[in-house]
Amino acid sequence: MRGVKETRREDKTLKRRSEKINNKKYNIMEVKELKQAFKEAYGKAAEMVYFAPGRVNLIGEHTDYNGGHVFPCALSFGTYMLLAKNDRRTMRFKSLNMPEIIELPFNMLTTPLPNNSWVNYPLGCIAQYIKRGFVPKEGYDMLVWGNVPAGAGLSSSAALEVVTACAYNDIFGAGYDKTELAKIGQLSEHEFALVNCGIMDQFASAQGKKDHAIYLNCDTLDFELVPVKLEGIKVVISNTHSPHKLDSGAYNDRVAQCKVALEQLRTVRPNLKNLAELSEAEFNEIKGAITDQVALIRAEHVVGECQRTIDAVAALKKGDIEEFGRLMIASHISLRDNYQVTGLHLDTLAEEAWMIDGVIGSRMTGGGFGGCTVSLVRDEAIPEFIEKVGDAYLEKTGIKADFYIAEISDGVHKVE
Ligand code: GLA
């Protein structure tokens with residue numbers, strides 16, 4: 001048995017480790033440093049500062065574009081955007097991670113740039129406003145900086161879209177609510193990044209609330225904020241740093257396969273609006289209509305995951321965290337076997353976590369392939385979790401995983 005002293009030492013190490021993770025490693029800049037960087041880039045002061053967070057999804061994966069529920073929360077990681085007017089009748093874009101400034105005249109704001117330029121994320125949002133009839137009257141200089149770990153599946157692109165949608169909501173005086181900002185971000189992703197994503201990431205980045213998860217019905221966009229401040233339990237994010245990122249091709253394939261399943265089901269249920277509408281029992285009755293075997297297992301996942309999400313939120317509200325954890329594990333298994341979006345890296349992190357006492361649940365989060373897992377871990381088990389899962393992962397994959405204690409934070413807002 002570990003002595004009190006040892007546990008205290010571990011607690012301190014854990015605190016240090018998460019401080020390192022949450023601050024230094026991801027290099028949290030102060031707004032004043034960002035303002036200095038803006039001045040250096042453009043030779044004048046920033047006039048406005050906005051922030052939008054990344055997200056982690058607790059359960060409800062690949063359900064959003066099927067009209068189901070999701071249960072994400074906004075993180076303290078995110079993207080800042082600083083802006084000031086210019087008198088050039090252009091929009092100028094600069095990321096602190098890139099050397100150049102990209103300048104676009106007003107007549108080039110509705111066409112994506114070639115070669116997957118990062119500018120397409122903010123540009124796609126500005127384009128949505130122009131499409132809706134808002135006319136740019138003045139040019140703006142923009143500087144963005146984000147600390148969402150890149151490629152981690154924690155929605156760095158949604159954060160960039162939503163922060164832009166929010167800034168331009170003010171610039172154009174559009175008066176949109178946060179749900180509309182999320183929709184603008186999603187359309188930018190569809191039209192300028194060519195990923196046919198659902199609404200979850202942008203919605204979480206827009207509507208997040210400190211210490212709450214968002215129980216969102218992706219069909220109606222009705223949502224409820226559910227407290228997730230859990231006594232003695234932390235939400236831990238584990239980053240695979242896997243080279244296999246979810247590419248838009250694999251994601252769009254999944255979206256298309258669900259469509260095939262839906263169309264085949266409509267041969268026996270013509271009014272079926274989306275896969276999420278079916279209970280598991282109803283699905284089992286009619287699933288014979290799906291002749292495409294890949295589409296069948298994709299639909300199996302979606303229908304099961306929709307039910308698991310509803311059940312998980314009900315369990316959480318009742319205080320039955322163990323049941324929530326069991327559903328997280330079932331979610332991962334279905335994403336591994338039916339949706340086939342996990343792979344060695346995510347499976348190793350999740351499966352190693354399941355073996356540790358004090359881990360309530362663990363699953364992949366986000367689109368899949370690479371990226372992160374999300375786990376609910378009892379405080380006293382966190383040091384062992386990080387050590388054992390980290391060691392086993394390194395041994396199996398040759399990669400060092402990273403662990404972050406999630407800080408559940410507010411959605412998009414104007415900082416100043
Ligand atoms: C990505 C997409 C989301 C959602 C998840 C899977 O993060 O952007 O819309 O589909 O994958 O749940």
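Q: How do β2 and strand β7 pair, and over how many bridges?
A: In this predicted model, β2 and strand β7 (residues 212-217) pair in the antiparallel sense, over two bridges.

Q: Which residue in β7 is the bridge partner of His 69?
A: The partner of His 69 there is Asn 217.

Q: What sheet are they in, and in what order do the strands run?
A: The sheet is open and has three strands in the order β2-β7-β8, with antiparallel pairing.

Q: Which strands stand at the edges?
A: β2 (69-70) and β8 (223-227) do; each has a single partner strand, so one side of each is left without a neighbour in the sheet.

Q: Switching to the ligand. Which residues are around it?
A: Among them are Arg 55, Glu 61, His 62, Asp 64, Gly 198 and Tyr 251. The shell divides into four nonpolar, four polar and four charged residues.

Q: What lies 2.7 Å from an oxygen atom of the ligand?
A: An N or O atom in the side chain of Glu 61.

Q: And which backbone atoms come up?
A: A backbone N or O atom of His 62 is 2.6 Å from an oxygen atom of the ligand. For Gly 198, a backbone N or O atom lies 3.0 Å from a ligand oxygen atom.

Q: How much of the ligand's accessible area does the protein cover?
A: The protein covers 93% of the 310 Å² that the ligand has on its own.

Q: Back to Tyr 251. Where is it placed, and is it buried or exposed?
A: Tyr 251 is in helix α7 (residues 248-265). Tyr 251 is buried, because its relative accessible area is 8%, under the 20% cut-off.

Definitions and conventions. Residues are numbered from 1 along each chain as its sequence is written. This is a predicted model: local features need pLDDT of at least 70, side-chain atom pairs count only at pLDDT 80 or more; totals for chains, interfaces and linings use all residues. Side-chain values use heavy atoms; hydrogens and water are left out. A residue is near a molecule or strand if one of its heavy atoms lies within 4 Å of it. A polar contact is a pair of N or O atoms within 3.5 Å; within protein, one must be able to donate a hydrogen and the other to accept it, and residues adjacent in sequence count only if both atoms are side-chain atoms. Accessible areas come from the Shrake-Rupley method with a 1.4 Å probe; for residues, only the protein chains shown count as cover. Ala, Val, Leu, Ile, Met, Phe, Trp, Tyr, Cys and Pro count as nonpolar, Asp, Glu, Lys and Arg as charged, and the others, Gly among them, as polar. Helices (H or I, at least four residues) and strands (E, at least two) are DSSP runs, numbered from the N terminus. Buried means under 20% relative accessible area, exposed over 50%, partly exposed in between (1.4 Å probe, protein chains only). Two strands pair if DSSP finds at least two bridges between them.
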